[in-house]
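Hi everyone, thanks for making time for this one. I'd like to walk you through a model, so please have the viewer open and follow along.

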Amino acid sequence: MAIQHLVPDNMGILKVRRYFYLLALLRAKRGQPFSAATSRSVKRLAVFSLLKRERFRAVSCLKLAKKRKDRRFHVKPILLGRKMYGAWYSLIPEMREFDHEEFFNFMRMTPDSFDWLLDKVSPIITKKSLREPICPGERLAVTLRYLASGDSMVSLSYLFRISDQTISNIVLETTAAIWFVLKGEVFEPLSEDMWRRKSAEFESLWQFPMCVGGVDGKHCFVQKFPMRGSENFNYKYGHSIILFAVSDAKYKFLVVDVGARGRESDGGVFDRSEFGKLFNNHQLQLPSPVFNDILKTHLPYVFVGDDAFPLDVHMLKPFADCLDQKPEEAIFNYRLSRARRVVENAFGILAARFRILRRNIIGSETLVQNIVLACTALHNLHLIREDSVPPKQRVYLPPGYADLYKSNGYLKRGRWRNELKKEERSIFHRLRRQEEHGVRIVDGHAVREKFLELFVCCPLPWQYNILPNV
């Protein structure tokens with residue numbers, strides 16, 4: 001069979017002859033007929049080209065035939081037992097029926113939450129094929145296990161009895177579907193009412209008035225992207241992309257921006273992000289400044305960040321840590337760092353629950369961005385669904401899982417959801433009554449000095465115990 005491909009068939013010879021006659025007629029019609037020598041040369045070139053193509057086709061057929069001969073099987077035998085030994089058909093149903101705690105540890109999701117999410121993403125990830133496709137539930141389970149464990153796709157292929165190439169496609173498609181269906185559910189639209197509620201939560205839980213969020217960036221380490229050089233090489237001597245986020249007082253992400261290169265600083269990422277552009281153009285819909293009865297002046301709503309961010313009317317950062325630092329500046333730094341701890345904890349909880357963020361993610365830039373965005377959306381989903389659940393019944397963020405300050409101001413690893421609903425509501429209504437429009441403070445240094453004065457005039461009961469040298 002392979003030798004027959006070395007000799008051109010009759011159809012190929014007839015096709016060459018037809019093309020030659022058509023070319024000869026066209027030249028004759030233009031008044032430029034072929035001479036005898038030119039006709040012989042054209043025929044020789046046509047035959048040579050035909051033989052060259054046929055030789056290439058024959059060699060390709062020989063290689064394919066040899067490859068098919070060397071292949072032992074079309075599907076690996078261990079994958080044929082997927083419906084008997086695969087985790088979706090054996091392990092997961094058993095955990096779902098008898099051990100919900102292990103089910104959560106396996107997929108970082110309770111059975112009820114899994115069913116809810118599956119109902120949302122099923123229309124997007126359902127496949128139609130002549131062969132029996134992998135069902136949406138199994139595709140979602142593979143993706144959640146990949147995010148929760150950070151295991152390689154090869155190890156997941158042994159667990160679920162699915163080829164690693166198929167798992168790669170499943171993760172890419174399902175993470176995009178998770179982000180698509182959850183982003184409108186778990187991220188609130190920016191509005192004045194939303195910022196007021198976040199400010200009330202910060203004042204109630206962290207004793208920092210007029211604060212609406214903590215901002216920071218997190219490096220998500222990746223395997224070096226091809227043809228990118230050192231664009232993603234960071235100061236931690238690894239390649240990464242940056243997750244920039246704004247967190248509220250309850251560790252929920254308000255804004256996320258993924259994709260900045262690892263070599264950029266947090267300040268540069270902030271300026272080039274969509275949030276930074278809205279911030280600089282005063283389009284975040286922050287409420288107007290509120291009159292403070294103690295200072296007898298108006299205070300604006302602010303975000304809290306570290307030294308990497310620019311000082312602004314609506315952005316506070318700590319004073320420089322130097323030998324001749326003033327006592328009141330140390331008090332301000334303590335109060336600001338105490339409030340800014342929420343975004344650090346949010347990143348820590350996110351990485352602890354979704355261990356893929358603690359590994360070097362292997363994949364394309366699109367896949368990495370999908371993975372990080374899906375993790376942030378799932379993080380917010382858990383916090384929202386557990387917000388109305390008693391603390392002892394929470395599984396994603398149970399008591400003792402996050403850092404918390406004791407009543408005397410010292411840090412402990414204890415319950416962190418000590419919400420004061422009544423106080424939040426009273427603060428919320430008081431802020432609305434005191435709000436006055438048309439007042440604007442234009443100097444970030446002046447705003448920081450006003451907050452410094454407020455923290456000195458209204459100290460926390462324990463702040464001087466924490467700062468004995470002040």
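**A walk from the sheet to the helices**

Let's start with a pairing in the sheet: strand β1, residues 211–221, and strand β6, residues 302–304, run parallel to each other and are joined by three bridges. If you want to find that spot, Cys 211 sits opposite Val 302 in β6, and Gly 214 sits opposite Val 304 in β6.

Before I go on, please keep in mind that this is a predicted model. For the overall picture, the chain has 470 residues, and 47% of them count as buried. Its secondary structure amounts to 18 helices and nine strands. Among contacts with a separation of 6 or more, 67% are between residues 24 or more positions apart.

Back to the sheet. Which strands make it up, and in what order? Reading across, we have β3-β2-β1-β6-β7, five strands in an open sheet with mixed pairing. At the edges stand β3, residues 253–261, and β7, residues 315–316; each has a single partner strand, so one side of each has no neighbour in the sheet.

Now look at the other partner of β1. Strands β1 and β2 run antiparallel and are joined by eight bridges.

Let's move on to the helices. Two packed helices are described by the angle between their axes and the distance between the axes. Take helix α8, residues 136–149, and helix α15, residues 365–386: they pack at an angle of about 90 degrees, with axes 11 Å apart. That makes α8 roughly perpendicular to α15. Which residues meet there? From α8 we have Leu 144, Tyr 146 and Leu 147, and they meet Ile 371, Ala 374, Cys 375 and Leu 378 in α15. By class, this contact has seven nonpolar residues, with no polar and no charged ones.

Another helix I'd like you to look at is α7, residues 111–125. It has a kink of about 35 degrees at Asp 119, shortly before the proline Pro 123. The buried residues of α7 are Pro 111, Ser 113, Phe 114, Leu 117, Leu 118, Val 121, Ser 122 and Ile 125. What covers them? The cover includes α5, α6, α8, α10 and α15, and you'll remember α8 and α15 as the pair packed at about 90 degrees.

Most residues other than glycine have a negative phi. Arg 108, though, has a positive phi of about 55 degrees without being a glycine. You'll find Arg 108 in the loop between α6 and α7. Is Arg 108 buried or exposed? Buried counts as under 20% relative accessible area, and Arg 108 has 10%, so it counts as buried.

Gln 285 is another residue other than glycine with a positive phi, near 60 degrees. This residue is in the loop between α13, residues 274–280, and β4, residues 290–292. With a relative accessible area of 45%, Gln 285 is partly exposed.

Notes: Residues numbered from 1 in each chain as written. Predicted model: local features only at pLDDT ≥ 70, side-chain atom pairs only at ≥ 80, totals over all residues. Heavy atoms only, no water. Pairing = 2+ DSSP bridges. Helix = DSSP H or I, 4+ residues; strand = E, 2+ residues; numbered from the N terminus. Axes fitted to C-alpha atoms, helices over the stretch in contact; angles between N-to-C directions. Parallel < 35°, antiparallel > 145°, perpendicular 65-115°, else oblique. Contact = heavy atoms within 4.5 Å. Nonpolar A, V, L, I, M, F, W, Y, C, P; charged D, E, K, R; others polar. Bend = angle between axes of the 7 residues up to and from the residue. Buried < 20%, exposed > 50% of the residue type's maximum accessible area, 1.4 Å probe, protein only.
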